[in-house]
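Please keep the structure open while going through them.

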Amino acid sequence: MSLDLTGLTAYTDENKLALIRQSILGGKTLSLINLQADIKSSASINILESDAVFQAGACGWNASGTTTLSQRVITVSAVKQNEALCQDDLEAFYTQKMLKAGSYNEDLGGIEGLYAEEKAARSAAAVEQLVWNGDTAGAGNLVMTDGLIKLIDAEGAVVTGTILALDAANIVDAIDEMVAAMPTNVIEATDNTLFIGYEKYRLYIQQLRNANLFHNDAQEGDFTYMIHGTNVKMVAVSGLNSTNRIFLAEASNLFAGTDLLNDQEDFRIFFSEDNDEVRFKQKFKIGFQMAFPARIVSN
């Protein structure tokens, strides 16, 4: 393990809450989609749909129209992290200067703040991958829960495009095709979002430039672009990097479920007296779902 002390910040109880939130919700996708909290195991996304059936004005009462109540279930999985660190290992290196005097070190001294921030950032990046690529039949961190790619692909109602292998020659056509394939009842939505990996986002902007379309509105450093002539915002997210997948949906149509900030969901760095070591503990719940599959476009 190597230690980088650049940007060292003191770790205090005052910033603990922010680190907890950052570690779970710090990923870009989760800042855009719907968050449904207080889920212990599963919960329903309650959906109400009603039509509007007009009639010619006249006396009498002729009932018409249908209102439908339905539900989609969002299931969360319990996730945890446990790590043990021997604080005595720091005494043999320059980090000894950051420890308290004496042999009874019960914390990580001056590196604890950096360690906490690093854990929060790494956890956020791992959750971002889980959002899109989670697969309970997979491996590693991704096995914790099924992500949006797997869930969307399992829905027959999703609108799908024809261009699958995205490259410089077809990236513009592929995105134009997806925008054109949007269901008519979605076109006027105010939060239409095209989720794309960073490398495909850059390829798309590069192709616009190569076509001499210099007057585009790509936000430098923000990796967002309002697709010209539409109300669709293209947003690059790291969870779709190297997947060759892009998805167009109302951001409010995608859901993340969690049990955030209850008494079990915490981010703790503590000294274990019995084991004479510093321990890191984190527990949270996470799961994903969509409300209306037929309003989503996938390549």
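1. Arg 295 lies over the face of Phe 292, with a distance of 5.7 Å to the ring centre. A second case of this kind involves Lys 119, whose charged end sits over the ring of Phe 280 at 5.0 Å from the centre of that ring. Please keep in mind that this is a predicted model, and that the distances in this note are computed from it.

2. The next point concerns Arg 72, which has its place in strand E3, a strand made of residues 67–75. Is Arg 72 buried or exposed? Its relative accessibility is 18%, and because the cut-off for buried is under 20%, Arg 72 counts as buried.

3. The side chain of Arg 72 makes a polar contact of 2.6 Å with the side chain of Glu 155, and another polar contact, of 3.1 Å, joins the side chains of Arg 72 and Gln 289. When neighbours within four places in sequence are left aside, the residues in contact with Arg 72 include Ala 43, Ile 47, Met 290 and Pro 293.

4. Turning to the aromatic rings, the count comes to five aromatic pairs. One of them is formed by Trp 132 and Phe 195, a tilted pair with 5.3 Å from centre to centre and 55° between the planes. This pair links distant parts of the chain, since Trp 132 is in helix H2 (residues 112–133) while Phe 195 is in strand E6 (residues 192–196), 63 residues apart. Both of these residues are buried.

5. Trp 132 also pairs with Phe 247, and here the ring centres are 5.5 Å apart with the planes at 20°, so the pair is stacked. Because Trp 132 lies in helix H2 and Phe 247 in strand E9 (residues 247–250), the pair ties together parts that are 115 residues apart in sequence. Phe 247 is buried, as is Trp 132, and ring pairs link Trp 132, Phe 195 and Phe 247 into a cluster.

6. In soluble globular proteins, nonpolar side chains tend to be buried together. Here the largest nonpolar core has 25 residues, of which Leu 30, Trp 132, Leu 254 and Phe 288 touch the most other members. Among the elements that give two or more residues to this core are H2, helix H3 (148–153) and strand E12 (277–290). Leu 254 is in contact with residues including Trp 132, Phe 195 and Gln 289. There is also a second, separate core of 24 residues, which includes Leu 194, Tyr 201, Tyr 204 and Val 297.

Key. Residues numbered from 1 in each chain as written. Predicted model: local features only at pLDDT ≥ 70, side-chain atom pairs only at ≥ 80, totals over all residues. Heavy atoms only, no water. Helix = DSSP H or I, 4+ residues; strand = E, 2+ residues; numbered from the N terminus. Buried < 20%, exposed > 50% of the residue type's maximum accessible area, 1.4 Å probe, protein only. Polar contact = N/O pair within 3.5 Å; in protein donor to acceptor, adjacent residues only side chain to side chain. Contact = heavy atoms within 4.5 Å. Phe/Tyr/Trp six-rings, centres within 6.5 Å; stacked < 30°, edge-to-face > 60°. Lys NZ or Arg CZ within 6 Å of the ring centre and 35° of its normal. Core = buried A, V, L, I, M, F, W, Y, C linked by side-chain atoms within 4.5 Å.
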